[in-house]
Amino acid sequence: MRAEGIGTARRILCVFPRYTSSFGTFEYAYPLTDGVQAFMPPQGLLLIAAYLPENWPVRFIDENIRPATKEDFEWAEAVFVSGMHIQRQQMNDICRRAHGFDLAVAIGGPSVSACPDYYPSFDYLHVGELGDATNDLIARLARDPSRPEHQVVLTTSDRIPMTEFPIPAYELAEVKKYFLGSIQYSSGCPYQCEFCDIPGLYGRNPRLKTPQQIVAELDKLRECGVTGSIYFVDDNFIGNRKAALDLLPHLIEWQKRTGYAMRLACEATLNIAKRPEILEKMREAFFVTVFCGIETPDPDALKAMHKDHNMMVPILEGINTINSYGMEVVSGIIMGLDTDKPETGDALLQFVEQSQIPLLTINLLQALPKTPLWDRLEREGRLVNDDDGRDSNVEFLLPYDQVVESWRKCMEVSYEPERLFARYQYQCDYTYARRIKVPVTPEQKSWTNIKRGLIMLRNIFWKVGVLGDYRKVFWKFALGRLRRGDIEGLIGPVLVAHHLIMFARAASGGQQNASNYSIRLREASVPAE
Ligand code: SF4
């Protein structure tokens, strides 16, 4: 569904801000690819772009790919911006630039919805999800696109059901320049982990699209040129287990119809390991990766953060079960918890070895506004100003320097090339070997795809195999893959491993943030051109 066309058509410039460099954006992998410049197409802004009245011209710029230009601003009658807390500085900067052209600027998305006061300069604040506030904003701009005298705050009280969401305007994005495609089936999560703002922002009763919408979106993503992998950005893919089970047969059918055109990935709680009926269908639907917020292997810490559901099966057993269905586990890890002890770092390193998880996003605890953690720390007087040059806004119970040092050591050791490639080797031998065997698709056989693969191989062989300082470890892994004729099994892990190794080196050398949310290094370091 789209908004009704009301009054005059307006030209809307949608600008997505740059990301501050982080573990999860893979930018060190981009130079090894055939031109990837950004992580994933942003769902929210592309959804709004698709919802605008049909006769309103829309231009979409992702500043991770290229900055909005003078010509873009001169073309527009109003500017829309959306993003997360980590993009706060960049969003305020877009607003400043748009005001230079005297344009009204509206901001929506998770950051402004949680913290409207972060954005004093914007003309319109769109708080909450797609709904009556969106219609109000469109009506106001249709009547008069000029800047209002005072900031206008529009809050959604009546949300549009996800079953009525239009397909995000993927056609406006340069999808081939993204590392992954993205799609969303549900929103919200039934759990209430202390540090997480998802239940507060999107509710505990997951809202859903229909399987038919997802199939139509997959078709559109494919038409727009997405190849390779698609990530379900749902907060928790099994937040509603019945809904996941309803969707999976449609995904399996779609994969069969398209010759298994995409590898799928999602985020889900670790208790998915208790659901073999879901795991089996995910295997059939060619899910290859599941991101699990494991957070910590320490049961006391999980209890304290209200993440007991991670202990419904022993953690290592849960990971092993997921792997046995051909799915690699990616794990979120948090350091600096109140339950951390001086030996926590060593216990974490032991967990990394035992779990054989190659990719763990190890972050320092950060308190997000509108979370139970924030409220507790505020009561305890343990929130620290972000601007104090620290990597976290939490006053840890252990000395700050000790926590940061322990984090550095964990990063350094976990991402030593030998250790990392050994974990990838395990994944090849154990996990990837358990995936269904899929046919070679027409897309894979096409000259465009072969050329893409050759460019990536050339970049990998030259930049890692010849110039890289870990080339010996690389060749040991690469020759094993090449002997099996497993080119995809070579390219995928090496792209990610290279990012992890380079990022971890920068991080342990103090050149990267220790928290995804820290704004200490506030300048985005992702190349924009
Ligand atoms: S399970 Fe994940 S999404 Fe749900 S509340 Fe916990 S951290 Fe947030």
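Reader: How many residues does helix H14 have, and how far does H14 reach?
Author: H14 (residues 400-414) has 15 residues and reaches 21 Å from first C-alpha to last. That is close to the 21 Å expected at 1.5 Å a residue, taken as 1.5 Å times one less than the number of residues. Helices (H or I, at least four residues) and strands (E, at least two) are DSSP runs, numbered from the N terminus.

Reader: What is the model's origin?
Author: This is a predicted model: local features need pLDDT of at least 70, side-chain atom pairs count only at pLDDT 80 or more, and totals for chains, interfaces and linings use all residues. Residues are numbered from 1 along each chain as its sequence is written, and side-chain values use heavy atoms, leaving out hydrogens and water.

Reader: Which residues of H14 are buried?
Author: Tyr-400, Val-403, Val-404, Trp-407, Cys-410, Met-411, Val-413 and Ser-414. Buried means under 20% relative accessible area (1.4 Å probe, protein chains only).

Reader: What covers them?
Author: The cover includes strand E13 (328-335), helix H12 (344-355) and helix H19 (487-508).

Reader: At what angle do H14 and H19 pack?
Author: About 155°, with axes 9 Å apart. Axes are lines fitted to C-alpha atoms over the stretch in contact, and angles run from 0 to 180 degrees between N-to-C directions. H14 and H19 are therefore roughly antiparallel, a label for angles over 145 degrees.

Reader: Which residues meet there?
Author: Trp-407, Arg-408, Met-411 and Glu-412 in H14 meet Phe-503, Ala-504, Ala-507 and Ser-508 in H19. Contact means heavy atoms within 4.5 Å.

Reader: Switching to H18, how do H18 and H19 cross?
Author: The axes of H18 (residues 471-483) and H19 come within 8 Å and cross at roughly 150°. H18 and H19 are therefore roughly antiparallel too.

Key
Buried means under 20% relative accessible area, exposed over 50%, partly exposed in between (1.4 Å probe, protein chains only). Angles under 35 degrees count as roughly parallel, over 145 as roughly antiparallel, 65 to 115 as roughly perpendicular and the rest as oblique.
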